[in-house]
Amino acid sequence: MSNTITKIASLVVMIVSFIAYVAKAPAFPIASENLLPWSTWFFISTIANIILWQRVMKLLAFALLVIWFYAFAASIVPETSTARVILDDIPRTEEAFVEAGEAIFNGKGKCNTCHTLDPSAPKGRCPDLSDIGVLAGTRQPGVSTKDYLIESTYEPHKFLVPGYGNIMPPVWKPPISLTELEIETVIAFLQFQGGEVDLTKFEPPVDIGSAITEVEVLPPLLLGDVERGKRVFVDGAKCIACHAVAGIEQPAGQTLDDGVEVVAAPDLTDIASLNSMRYIEESIVKPNALIVSGYGSVTVKTNGASIQGTLTFQDEEKITVRVKDAGGIETEQTLLLSELDPEPIEELTNLKDQGYFWIEVNTADTGTKVRGDLADEDAENVIISVDGETQTISKSNVQVQATIIDFDGNEIVGELVSENEDEVTLMVDGEEQVIDTFDIDEGPIYGRALGKRLSVTSPMPDNFPLLLSVADMSDLLAYLASLTGATEETVAEAGASAAEAEDAAE
Ligand code: HEC
Ligand code: HEC
């Protein structure tokens with residue numbers, strides 16, 4: 001009787017696991033994290049069936065085993081390539097976890113490429129972790145040692161140790177790709193550094209399985225070929241024409257395609273030590289998203305003349321523009337923002353995004369002119385600050401303005417009164433002015449208002465994503481990720497100057 005039950009049970013297991021294996025069902029958790037693949041269940045149960053049954057059933061089980069063998073042989077690469085296997089039957093003891101965690105800290109986790117475990121080690125660009133088992137509990141009020149360590153490994157960007165940049169990769173993401181269990185052992189190892197090891201199971205803050213599919217659609221950061229990436233940087237995309245990197249000779253007089261001008265650009269020697277890869281990638285894909293201060297291009301008009309150059313300084317009252325003359329000689333010009341010429345604004349939308357800081361409108365109902373600093377804007381209104389007081393003006397109550405430029409280069413701005421073949425009449429500061437069409441060089445240009453703006457753009461070309469192949473781009477990013485040239489002195493200096501900047505700001 002019991003023999004029959006065993007036979008039937010093993011038959012059921014065999015059939016279920018065969019179907020599950022073919023259908024690629026997720027593994028069945030027998031212990032909380034011990035996942036035994038369906039192929040293993042199937043293999044064991046088939047052997048049992050071959051032993052237990054006779055004749056027909058024996059043959060059937062054997063035939064299935066052969067089929068399985070071929071299917072398994074074909075899929076053997078993904079089945080066996082996960083490093084997780086090593087940890088699968090690790091006993092849940094402090095000793096085993098700490099030992100495994102140490103191996104991962106120095107191995108697959110690559111933690112030791114950034115972190116030291118030696119209190120006397122010189123302060124580098126990543127914190128020393130020799131006391132982390134105690135220190136972790138003091139980092140954030142109300143956050144326990146273990147919770148802090150969970151956050152540090154899964155979501156390192158959430159809390160940055162003061163003085164350090166956001167460069168630690170979430171260790172569950174490629175290329176490090178630690179599993180939940182591996183992270184658990186590393187946490188045990190970290191707790192062991194001066195603290196008590198707590199092996200209680202916890203719910204990871206990130207569901208690695210589903211998060212990883214999102215990650216995979218990003219370019220495979222850091223997975224590229226660093227040496228090839230360097231060639232893309234120097235010869236392919238010629239980034240080196242503008243950006244210096246210590247140790248690479250910057251070719252003099254290099255020319256770029258399509259008349260792109262070589263300009264001064266930030267030194268990238270240690271770009272990866274203080275910036276996240278996401279920022280670096282965005283700098284290339286969307287150079288205008290965040291412009292490093294002191295490097296943006298700007299065009300402004302003052303007294304009818306246009307000045308184009310690099311915006312090297314800016315505060316509430318003035319700007320400094322570095323201008324290159326025809327002979328290549330550079331000079332700096334400081335301009336008061338109030339000296340900039342107002343330009344006609346065609347549409348009263350997204351004014352701030354377009355760089356407007358001053359605006360003049362004429363209200364349609366009372367005909368009053370309102371001019372001042374652009375304080376705010378929403379879909380219906382513009383809010384103008386006039387001598388410290390704000391005025392809210394409905395966009396629908398703004399009169400259209402016309403601008404005419406005559407052949408002497410004079411700009412006449414007013415509301416349009418009338419217009420015919422021979423003349424245009426504008427209301428300028430309360431007086432009608434008639435302009436002969438023969439005198440008009442340009443215009444009338446209609447606008448809803450006048451504004452002064454500073455529009456700053458990046459001089460870095462924005463077409464690299466089109467020019468570079470996906471492989472070039474990922475190799476280039478891998479190369480940039482290797483640019484962590486910060487020596488101890490430069491880190492100390494950066495820290496000191498950041499502290500100075502903070503002091504100065506106070
Ligand atoms: C690319 C360098 C880098 C790698 C690789 C790296 N870290 Fe970090 N880690 C940092 C930096 C920088 C900080 C400080 C900024 C922050 O809090 O994120 C940090 C902070 C930490 C902290 C908080 C330290 C404190 O004093 O509060 C812990 C814990 C930590 N890392 C653990 C790990 C573990 C475990 C690994 C490997 C699985 C690892 N790190 C891999 C750079 C790295
Ligand atoms: C025509 C000159 C020029 C070329 C060519 C150029 N850049 Fe830039 N790049 C700049 C300037 C100017 C800035 C600073 C303004 C800004 O933030 O956009 C900058 C900013 C950056 C930044 C952000 C730097 C920081 O300190 O935050 C990165 C990263 C960068 N470039 C990478 C590249 C890479 C990679 C290439 C080649 C694919 C490249 N650049 C080609 C001019 C250039």
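This report covers a helix pair, a ligand shell and a sheet in a predicted model.

Local features need pLDDT of at least 70, and side-chain atom pairs count only at pLDDT 80 or more, while totals for chains, interfaces and linings use all residues. Residues are numbered from 1 along each chain as its sequence is written, and chains are lettered from A and ligands numbered from 1 in the order in which they are written.

**Helix pair.** Helices are DSSP runs of H or I with at least four residues, and strands are runs of E with at least two. The axes of α4 (residues 94-106) and α7 (residues 180-192) come within 7 Å and cross at roughly 100°. That makes α4 roughly perpendicular to α7 (65 to 115 degrees). Axes are lines fitted to C-alpha atoms, and angles run from 0 to 180 degrees. Residues are in contact if their C-beta atoms, placed from the backbone, lie within 7 Å. Phe-97 and Ile-104 of α4 are among the contact residues, as are Val-186 and Phe-189 of α7.

**Ligand shell.** Around ligand 1 stand 26 residues, with C-beta atoms within 6 Å. The closest are Gly-109, Cys-111, Cys-114, Tyr-164 and Met-168. Helix α6 gives the most, with three residues.

**Sheet.** Five strands form an open antiparallel sheet, ordered β15-β14-β13-β12-β16. Strands pair if DSSP finds at least two bridges between them. β15 (431-436) and β16 (440-447) each have a single partner strand, so one side of each lacks a neighbour in the sheet. β14 (residues 423-428) pairs with β15 over six bridges.

How values were computed:
Parallel < 35°, antiparallel > 145°, perpendicular 65-115°, else oblique. Contact = placed C-beta atoms within 7 Å.
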